[in-house]
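Please prepare a short report on the aromatic side chains of this protein and their surroundings.

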Amino acid sequence: MSETSETMATAPDWTAWQTSWDRQQEWYLPDREERFRVMLDMVEACVGAEARVLDLACGTGSISQRLLERFPKATVTGIDLDPALLTIARGTFEGDDRVEFVTADLKDPHWTDRLPHAEYDAVLTATALHWLHSTDLRVLYGQIAGVVRPGGVFMNADHMPDPATPRINEAERALRHARQERARAAGALDWRDWWQLAAADPVLAEPTAERFRIYGEHADGDTPAAGWHAATLREAGFGEARTVWASPSDAMVLALK
């Protein structure tokens, strides 16, 4: 076991867990920080630096952490169902009164009742909603429209491949997988490796077991193209919606209320 693994196995070093999560996510998403940068640029552009933000499907609080580093006067509500990732998030932000976390299932029709505020300046999410099927996502977009204030924004950065370009998609996928295999051979953790590490930690073992009881190994959601997301958000009540960032396989759609 590496020194990092031994440290995380003996104490709740939340900084180490956050760093480990970031590295595991970057194995899949090498441009992850770039999408976060653009997301925060658009928060600043649309609603300012003192925004009240809902970090939707917040996980370990990756968006919240970057948001508060850049905008110290912002406030955040993080919402998720995953008990292991929420344990890391709560540990990371313990004592920071700018942040609060809510446990809720986004498939629950009453999840918005758990929020501490009726409206938010911005609702942000990244690499999370592909766990939902498009029928559930359509419902969720309507609920999100109800908690974004007039003039506020919603942003979703996720897997949004274009089915109209299968050869381009396959070329990108082959290159990405080749890069991942090289990184894996050099010792990078993938999704399964990371969760095995969490399951062996005395603090995270039970929340991790509960997480797999809730979700199973992986959800089988949909990944519609960015145009579908923009059109569905407009149907949900947003005045404008379009792509504001894209990579060969992912995109970020911004909707303005």
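## A tilted phenylalanine pair

Phe93 and Phe101 are both buried, where buried means under 20% relative accessible area, exposed over 50% and partly exposed in between, with a 1.4 Å probe and protein chains only. The rings of Phe93 and Phe101 form a tilted aromatic pair, at 5.8 Å centre to centre and 50° between the planes; rings of Phe, Tyr and Trp (its six-membered ring) pair if their centres lie within 6.5 Å, and planes under 30 degrees apart count as stacked, over 60 as edge-to-face and the rest as tilted.

## Basis of the values

This is a predicted model, in which local features need pLDDT of at least 70 and side-chain atom pairs count only at pLDDT 80 or more, while totals for chains, interfaces and linings use all residues. Residues are numbered from 1 along each chain as its sequence is written, and side-chain values use heavy atoms, with hydrogens and water left out.

## Tryptophan pair and aromatic cluster

By the pairing rule there are 13 aromatic pairs. The ring centres of Trp21 and Trp194 lie 4.9 Å apart with their planes at 75°, so this pair is edge-to-face. Because Trp21 belongs to helix 2 (residues 14-28) and Trp194 to helix 8 (residues 191-199), the pair ties together parts that are 173 residues apart in sequence; helices are DSSP runs (H or I, at least four residues), numbered from the N terminus. Trp21 and Trp194 are both buried.

One aromatic cluster is formed by Trp17, Trp21, Trp131, Trp191, Trp194, Trp195, Phe212 and Tyr215.

Methods
Helix = DSSP H or I, 4+ residues; strand = E, 2+ residues; numbered from the N terminus.
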